[in-house]
Structure formats: C-alpha cells, structure tokens
Amino acid sequence: MASKTASASIAARNKALRDSLPFADTQDFDDVNRGLIARRSPNAVTAEDGTVLWDNDTYAFLDGEAPDTVNPSLWRQSRLVAVDGLFEVVPGIYQVRGMDLSNTSFIEGDDGVIVVDTLLSVETGRAALELYRAHRGDRPIKAIVYTHSHADHFGGVKGFVSQDEVDSGAVRIFAPEGFLEHAVSENVFAGTAMNRRAGYMYGAALARGPQGQVGAGLGQTLSIGTVSLIAPTDIVTTTGHEVTVAGVRMVFQMAPDTEAPAEMLVYFPDFHALCAAEDATHTFHNLLTLRGAVVRDPHGWANYLTETIDLFGGDAEVVFASHHWPTWGKDRVRAFLSTQRDLYAYVHDQTLRLMNKGLTGPEIAEAIELPPSLENAWSAHGYYGSVSHNVKAVYQRYLGWFDGNPANLWPHPPVEQAKRYVEFMGGADTVVDKARESFESGDFRWAAQVLNHVVFAQPDHAAARELLADTYEQLGYGAENGTWRSWYLSGTTELRHGGFGTPTETTAPDVVAQLSPTMLFDAIAIQIDGPRAWGEDLTIDVALTDLDQRYRLRLANGVLTYSARPQPGEADVTLTTTSRTLPALAFGGFSGDTPGIELKGDASALQRLAAVLDPGDKNFAIVTP
C-alpha cells in the first residue's frame, strides 16, 4: 500500500509552524557550510557483495520549502544535517560529516594525526579516512579518542587502524573511565531489544523521501556495516588531565552519566577548540532514548556544562561535537553552551517542581513550556530528544514506573486490556467507526490509542490495522522530532507490509570479544529459560590460565550464578582456556570441541546448559501482539 498524503489538519498545523518559527535566522546554514574542502561523490558506501551500507545521496530531495508531509522545523534540521563532506574547523582540525549518524574529527600534529570518534561502521570509517587523506595527505594515525561508550563513536575504529597497530604501541586509544564496561554491556545484555527498537527509532528500513524517512535529528540514520571495537590503551579518569600526542595537547573533562554512562569532553588549547563530545549539540538530546537505555541525569548534565563554560568558555574560539556542525566565536561558543546547559536544567527543575505538586509524567509533559529564549533557539528544539519524552524520563528517574494511582498498580497486560476495552466500547467494528471520526477530526493521538486496542484484541482486523497505519502516518507527518517520525512511520510500514526485523546490529563479534569473564557469565545467565531450567542442577568450573583465575558456575533453581572464591567439591565439568578464548562460548562454544578450550569431566553438563538457553528474538513484534 502506498503512502498517503497529509491530512488537512496536519497540513494546517505544519503551515502554522512555518509562519511562527524564526526561519529568518539562517546562521546555522552559514555555519554548516563553513570550511568545506570537498565532498565525496557519490556519497555511497557498499560492501564487497554490493550491499549499500550508507547512501547520503538519498537525501537529495531535502531542498526548498517543507512539503505538507514533513514538519517544517524537522525539514530544516534535516537539510542541515544532510550536508556532507570534509570541512576545516580551524587550520589543523578537520571533520568529515554526513558519512554516518555521527562525525569523525582529525586533529593534525607534528608527525601524525589524532582521530576523535570513528563512526559506527568499519566501511564508513574507512571511506571517511580516505576522503580526509585525499585532501590532507597520508598522515599516520597516532591516537584514537573515543569520547563515549556509544557504538556510533567506536564501531568504525578498524576502518582507521588495526589491532596490530594498537598492540605494537604505534597507536594509542584514549577513552573515559568505564568505557569498555558500558560499551560492551549496553550492546550485549539488552542488545537484541535495543537493536530491534533502534530500527524503529532511526527508520533505517524506511524509504527516504517527503513521505518517508527524512533524518533522525541527530544525524540522518545509521549505517549498516561492520561494527568493530579495539580496547582502549589509555583510560582517562580525571578532569584536567593533560596528554600530548604528536605535539597536540589534549585536556580532558570527565562527564559521566550525561549523554552516555562513560563520556568525556576534550579541549585542544593550542587550537582554542573544544570538542563537546555529545553533551552540547544542535538539538535537545535524549534523557531516555526511545530505543531504550538507562535514564540519564539532566541535573548532572547541566552541571558539567557549567564546568565546561568555567574551564574553557573564556578561551575557546570554536566548539565542535561528534554530531552536527561547529559554532565559532568566543561569545557564540559561550551562548551556545549556556543555552544547552539551561535547557537541561530547566526541564529537570520544572519537572521536579510539578512532580512535587502531584502531577504525573504525562501530565507534566503536557503542562511544561520552555521560556521564549529557549523556544526560539534552534539548538534547543527537540529533534532527537523531546520535551515530552524527556520530562517522562525525569519522572521515571526519580519516581519510577508507578504514578501512584492504585488503578495502575496491577493492570491487565496489553492484550487482556485490549479485549476488555473493545468489549466495553461496543465491539471492534464500533470502535473502528468511532476512531475514524476522531481521525477525520484530527485527533490522531486518541485514534491511535483506541485502534491499538482493537489491533491487540483482534490482530487480523483489517480495517483497524489499515486505519491505525494511516493514523501513525499522520502523527509522523506532524512530528518535529526525527525519531518520533521514524517510529510512527515504522509502525505504519510494519502494519502495512509486515516486520522488517533489525537493520543494524551492534552486538558484533568484536564487541562480544571484549566481555570480561563475569560479563560473559552474566550474558549467558540472562538467556536462561527459567522454567525449562527448574529441574537442572549442575556445576561448571572455568579456569583461565592467562589470568590465573578460576570461577565456579552453578545452574540451579533456574538461575546461573558464579563465584571466584574456592568452592568445595568437584564441578561436573571443568573448562580450561584463556580470557581471550572464553568469549567463544557466546557463539556456540558449548559443543565441547571449541579450539582453545580443554574439557575435563562430564561434557554433557555443557549440553544441558546449552539446552536451556533461549536467545533473544531479533524480529519481535512491536505494533502487534
């Protein structure tokens, strides 16, 4: 089924926004094109088998005035974010933008170059490096800086350097304290669910165009290439820590639990240039990303930005980040950082104020308004995060999922709720008829809620599915937030055409290979099918010769536990291996014949453990039960 046009009500809302927002302010368009050296043409990256992994040229339609099917504020942001190429930030600092969701930056030194963040995929990272070297020369890479623990900032590292180069000491890799633990755990423990949901969030499976995906607000979308990871050689733990590499001085500022659990900003004093990582970008960022994550701390985030201003605001002449375009000039740098700081502080403080008056998360999200000074700042608009879902995240951070109403303490699960709602409302056909009236009146939020009940009660009800798909489509057309638009239109796509699965996976072998022994045991434990394992009672010893460590694993009561302390008695089976080989267990190493793993004892204990593992489903349903 083809995409529909914008309804009259959505077209009218979008026109009203065109008339009310400060579109005469075109400073961002000047900044996004400043320093352009060259563009890659065509800007597509393919795998050896011809699979297109990235194609920024598919956004060529982003020109002129926004059509009725796209929120004009999001259209403006997408036009800016889609600008690609190699850019000079200041002499000696260069950025490649528009090659992935994120940017990669090059800081030139006396005898080499430092790379800050490496994109998501090896293939896009390699293409970005080739573009840089084609115009700036074949400078050797002396260091990589991972600003934080999200995959789009480390996943492309093997497109820049090899493991051997790092192991030899030729290349150093800097990362904030806690980087490896968080980078690995986020992508492994809940990776299946997060990656499936990320397909909705970034719209990677959607057609590009005015009735499809137009960008994610932070970047255009995710590349779908090979995710890699090389462990850091240098862990940064202290704000003010200074390091010189290739004659380039770097001063680090720690910012944990802001945009990522492990994050740091980097100041380059000789260039008067601040890399803000992902803590100050041209959008209101997520406090709780729609794909799922631990709720972030907006109060701490605002305080770290105050510290940034205090530390570097009097000297910095340019601020650049791992997304979007730089801001130049001392006064503008301070104003930009202050606006970002005040945005996070305002939403945090006002949510707490209203929460303490008894309002719930959804009520606060409807009530809260930004001050005009923030509302009129383009960089404070919710293209990636939003006031609505960030307010609910703050509420969740402090009070959790329960809003205090006893009716919501023990509700029926979605399908059982849906059946009862539909019955109470007169049956599925009656609900669809009434929902159609809401749709025609422009009340798409209500239409979505009631039609969702029908689809969950009767998944094969064709009229309900069709109208719900149309409803999500209209909500997408009106959304200023790029991830909301993609989420709604992904729901439309799956209702009309079936599931599209998980386009981009970050649970890659390189990531799994960095699991510590205990993290690996945890990763196995969360796959245990509890009821199937109720009757099992087995023990496994794991001896790691390179670390001189020994662990006792026990499966009992449907739970896999472990201890590094000496245990009484013999285990059912003992695995002797190294910490580097151990992660092979995550890829089916329970067969007993994995190279590098020696078995002693009852090998059937491993088979019994393997028999109760229940891996995640990369294609689980979202808009249907």
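## Terms and model

Helices here are DSSP runs of H or I with at least four residues, strands are runs of E with at least two, and both are numbered from the N terminus. The structure is a predicted model.

## A salt bridge within one helix

In the whole structure, a search finds 29 salt bridges. One of them joins the side chains of K15 and D19, with a distance of 3.1 Å from N to O. Both residues belong to helix α1, which covers residues 8-20, and because they are four residues apart in this helix, about one helical turn separates them. In general, side chains of opposite charge can pair when their charged atoms come close.

The two partners fall into separate accessibility classes. K15 is partly exposed, at 45% relative accessibility. D19 has a relative accessible area of 57% and is exposed, because the exposed class begins over 50%.

## Salt bridges between elements

A second pair is R332 and D31, whose side chains form a salt bridge of 2.5 Å, N to O. R332 is partly exposed at 30% relative accessibility. D31, in contrast, has a relative accessible area of 2% and is buried.

The side chains of R552 and D541 make a salt bridge, at 2.3 Å from N to O. R552 sits in strand β18 (residues 549-556) and D541 in strand β17 (residues 537-544), so the parts tied together here are 11 residues apart in sequence. Is R552 buried or exposed? R552 has 12% relative accessibility and counts as buried, because the limit for buried is under 20%. D541 is buried as well, at 6% relative accessibility.

Salt bridges can also share partners. In this way K4, D470, E473 and R496 are joined into one network.

## The second largest pocket

The volume of the second largest pocket is about 540 Å³. Its lining has 22 residues, and those closest to the centre are V188, T192, T507, Q527 and G616. Three helices, α7 (191-202), α18 (509-512) and α19 (517-525), each contribute at least two residues to the lining of this pocket.

What classes of residue make up the lining of the second largest pocket? There are 12 nonpolar residues, seven polar ones and three charged ones.

## Enclosed cavities

Four cavities of 30 Å³ or more are found in the whole structure. The largest cavity holds about 280 Å³ of space. Around the largest cavity are 23 lining residues, and A151, D152, Y202, L222 and R291 lie nearest its centre.

Helix α6 (179-188) and helix α7 each supply at least two residues of the lining of the largest cavity. Which element gives the largest share of this lining? It is α7, with four residues. Helix α7 also supplies at least two residues to the lining of the second largest pocket. By class, the lining of the largest cavity contains nine nonpolar, eight polar and six charged residues.

The second largest cavity has about 100 Å³ of space. It is lined by 17 residues, with V81, R97, G98, N103 and H324 nearest its centre. Eight of the lining residues of the second largest cavity are nonpolar, seven are polar and two are charged.

## A nonpolar patch on the surface

On the surface, W401, L409 and W410 make up a nonpolar patch, and together they have about 520 Å² of accessible area. W410 belongs to the loop between α12 (387-399) and α13 (414-424). The relative accessible area of W410 is 81%, so this residue is exposed.

## A buried strand residue

A175 is located in strand β9, which spans residues 172-176. With a relative accessible area of 0%, A175 is buried. Along the chain, A175 and T233 are 58 residues apart, while their C-alpha atoms are separated by 8.2 Å.

Notes. Residues numbered from 1 in each chain as written. Predicted model: local features only at pLDDT ≥ 70, side-chain atom pairs only at ≥ 80, totals over all residues. Heavy atoms only, no water. Salt bridge = Lys/Arg side-chain N within 4 Å of Asp/Glu carboxyl O. Buried < 20%, exposed > 50% of the residue type's maximum accessible area, 1.4 Å probe, protein only. 1 Å grid on protein atoms, 1.4 Å probe; cavity = no way out; pocket = protein on both sides within 12 Å on 5 of 7 lines; lining within 4 Å. Points joined across faces, edges and corners; volume = space filled by probe spheres on them. Nonpolar A, V, L, I, M, F, W, Y, C, P; charged D, E, K, R; others polar. Patch = residues over 30% accessible without salt bridge, like charges linked within 9 Å, V, L, I, M, F, W, Y side chains within 5 Å. Areas by Shrake-Rupley, 256 points an atom, 1.4 Å probe, with all protein chains shown as cover.
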